[in-house]
Amino acid sequence: MKLVFLSNYFNHHQKSVSDAFYQKLGKNYVFIETAQMTQERINMGWSNIDVPEYVKYYYEDKSKEVECQNLIDSADVIIIGSAPNELIKSALKSGKIVFRYSERPIKENKDFWIKYPV
């Protein structure tokens, strides 16, 4: 099984689960960072982690965009957080398993707790 995890940037929030996926799947696991980390997050210490070999950078140049899109297209399962929806359009059309996650509805919508109690 090939698993691709997409998010705006790799940080301490995803590291533990990513390490576990990589330990289980090896080269069949890739984390794709889709944006450079903002200075605000860097100042908060988010970049103070060792970046493992399974992290790929979508934004570096055109060849990296192509490489990352090929990894996405060849994945069996995709996890997507804060990343462009365009990257998974073909995966959705082909019926691949895609998990989307976001805490934004909880943070920004106070009615969320009324409609969807935890």
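A polar contact is a pair of N or O atoms within 3.5 Å, and residues adjacent in sequence count only if both atoms are side-chain atoms. In this predicted model, the side chain of Asn-8 makes such a contact with the side chain of Ser-7, at 3.2 Å. Asn-8 belongs to the loop between E1 and H1. When residues up to four places away in sequence are set aside, Asn-8 touches Glu-33, Thr-34, Ala-35 and Ser-82.

The aromatic residues come next. A pair of aromatic rings is described by the distance of the centres and the angle of the planes. Nine aromatic pairs are counted in the model. One of them joins Phe-5 and Tyr-101, whose centres are 5.8 Å apart with 75° between the planes, an edge-to-face arrangement. Phe-5 is part of strand E1 (residues 3–7), while Tyr-101 is in the loop between strand E5 (97–100) and helix H5 (104–108), so this pair ties together parts that are 96 residues apart in sequence. Phe-5 has a relative accessible area of 5% and is therefore buried, whereas Tyr-101, at 34% relative accessibility, counts as partly exposed.

A further pair is formed by Tyr-29 and Tyr-54. The ring centres of Tyr-29 and Tyr-54 lie 5.3 Å apart and the planes meet at 65°; because planes over 60 degrees apart count as edge-to-face, this pair is edge-to-face. Distant parts of the chain are linked here as well: Tyr-29 lies in strand E2 (residues 29–33) and Tyr-54 in the loop between helix H2 (39–43) and strand E3 (55–57), 25 residues apart. Tyr-29 is buried at 1% relative accessibility, and Tyr-54 is buried at 4%.

Tyr-22 lies in helix H1 (residues 12–25). Apart from neighbours within four places in sequence, Tyr-22 is in contact with Lys-27, Tyr-29, Glu-53 and Tyr-54. The C-alpha atoms of Tyr-22 and Pro-52 are 9.6 Å apart in space, although the two residues are 30 residues apart in sequence. The relative accessibility of Tyr-22 is 21%; because buried means under 20%, Tyr-22 counts as partly exposed.

The residues of both pairs, together with Tyr-22, belong to one aromatic cluster, formed by Phe-5, Phe-10, Phe-21, Tyr-22, Tyr-29, Phe-31, Tyr-54 and Tyr-101.

Another arrangement involves a charge and a ring. The charged end of Arg-41 sits over the ring of Trp-46, at 4.5 Å from the ring centre.

Methods
Residues are numbered from 1 along each chain as its sequence is written. This is a predicted model: local features need pLDDT of at least 70, side-chain atom pairs count only at pLDDT 80 or more; totals for chains, interfaces and linings use all residues. Side-chain values use heavy atoms; hydrogens and water are left out. Helices (H or I, at least four residues) and strands (E, at least two) are DSSP runs, numbered from the N terminus. Buried means under 20% relative accessible area, exposed over 50%, partly exposed in between (1.4 Å probe, protein chains only). Contact means heavy atoms within 4.5 Å. Rings of Phe, Tyr and Trp (its six-membered ring) pair if their centres lie within 6.5 Å; planes under 30 degrees apart count as stacked, over 60 as edge-to-face and the rest as tilted. A charge sits over a ring if NZ of Lys or CZ of Arg is within 6 Å of the ring centre and within 35 degrees of the ring normal. A polar contact is a pair of N or O atoms within 3.5 Å; within protein, one must be able to donate a hydrogen and the other to accept it, and residues adjacent in sequence count only if both atoms are side-chain atoms.
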